[in-house]
Amino acid sequence: MTEAHTPARLLILVASPRRDGNSATLAAAVERGARAGGIDAAVRFIDDHLDGLVRDCRQCRDDNGRCRIDDGFGELFVDQFLPADGIALCTPVYWYGMSGQAKVFFDRMFCYFAKSHAGSAQVRERIKRKRVALLTSSEEIYPAIALGIVHQLQEYARYTHSQFIGAVHGWGNGRGEVARDPQGSVAAAERLGRQFFERPYLDLQMDSPR
Ligand SMILES: Cc1cc2nc3c(=O)[nH]c(=O)nc-3n(C[C@H](O)[C@H](O)[C@H](O)COP(=O)(O)O)c2cc1C
């Protein structure tokens, strides 16, 4: 977390190709809430920064160990993801998982994590201890529809010593239809944004101080 006088930084990632879709609607709600709560929030579409799948890093890296895929992922990851105190991932449910955009975003981090990357120690340090949250939308509405994605983000959070502070699921299929979700997911997204850095979080281990 940042010092008390510096607004915390929240990066909101949209992992749908639709600019006016349900993930974008949920992202805008998180941003609205966050700004109302004094948080320095920014929305980015992964599609604007990522064109390629992860490759065989060992073959692909340049002589300095840097990723050779020149599509703007490095800028998004190094200049926006790593400095953020919190990350909100907004993804449609695609085939009961996250979208390809979201998955490839995580896959591409590997290049920066791997020991053969010159700055990997710093990357590993800076990726830790963020607050992370998940916003999903889908046509289907049964309670387990997004659990695969929830589980994946939980494992990511465990691995990176991050805190998975909340998940919102929205019902919608047509563009922006989530705004009419009777479950009130847009309002829930806005609340999540507002409370992003204050929402209570507790994940005990047997030796946690209590
Ligand atoms: C490739 C693809 C796969 C999808 N798979 C599912 C699915 O497994 N279950 C479901 O309920 N909806 C599925 N949908 C519908 C989307 O989850 C739904 O329309 C979502 O609200 C789209 O979000 P967006 O507007 O942010 O793109 C799929 C849509 C696409 C394009």
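Let me begin with a definition: buried means under 20% relative accessible area, exposed means over 50%, and partly exposed is what falls in between, using a 1.4 Å probe and the protein chains only. What we have here is a predicted model, in which local features need a pLDDT of at least 70 and side-chain atom pairs count only at pLDDT 80 or more, whereas totals for chains, interfaces and linings use all residues. Residues are numbered from 1 along each chain as its sequence is written, and side-chain values use heavy atoms, with hydrogens and water left out.

I will start with the salt bridges. A salt bridge here is a side-chain nitrogen of Lys or Arg within 4 Å of a carboxyl oxygen of Asp or Glu, and by this rule the count comes to 10 salt bridges. As for accessibility, Asp 20 counts as partly exposed because its relative accessibility is 43%, whereas Arg 175, with a relative accessible area of 52%, is exposed.

Another salt bridge is formed by Glu 31 and Arg 35, whose closest N and O atoms are 3.1 Å apart; both residues lie in helix α1, four residues apart, which is about one turn of the helix.

Let me turn to the ligand. How many residues surround the ligand? There are 17, and the closest are Ser 16, Ser 23, Val 93, Glu 140 and Asn 173, where a residue is near a molecule or strand if one of its heavy atoms lies within 4 Å of it. An N or O atom in the side chain of Ser 23 is 2.6 Å from an oxygen atom of the ligand, and a polar side-chain atom of Arg 18 lies 2.8 Å from a ligand oxygen atom. From the backbone, an N or O atom of Glu 139 lies 3.2 Å from an oxygen atom of the ligand. On its own the ligand has 650 Å² of accessible area, of which the protein covers 80%; accessible areas come from the Shrake-Rupley method with a 1.4 Å probe, and for residues only the protein chains shown count as cover.

Next come His 49 and Asp 71, which touch each other, contact meaning heavy atoms within 4.5 Å. His 49 sits in the loop between β2 (40-45) and α2 (57-60), and Asp 71 in the loop between α2 and α3 (73-81). Are they buried or exposed? His 49 counts as buried at 11% relative accessibility, and Asp 71 is buried with a relative accessible area of 11%. The side chain of His 49 makes a polar contact with the side chain of Glu 75 at 3.4 Å; a polar contact is a pair of N or O atoms within 3.5 Å, and within protein one must be able to donate a hydrogen and the other to accept it, while residues adjacent in sequence count only if both atoms are side-chain atoms. The side chain of Asp 71 reaches the backbone nitrogen of Asp 51 at 2.8 Å and that of Gly 52 at 3.4 Å.

Finally, Ala 15 lies in the loop between β1 (9-14) and α1 (22-36), and it is buried, with a relative accessible area of 0%. Leaving out residues up to four places away in sequence, Ala 15 touches several residues, among them Ile 46, Leu 89, Cys 90 and Ser 99.

Note on methods. Helix = DSSP H or I, 4+ residues; strand = E, 2+ residues; numbered from the N terminus.
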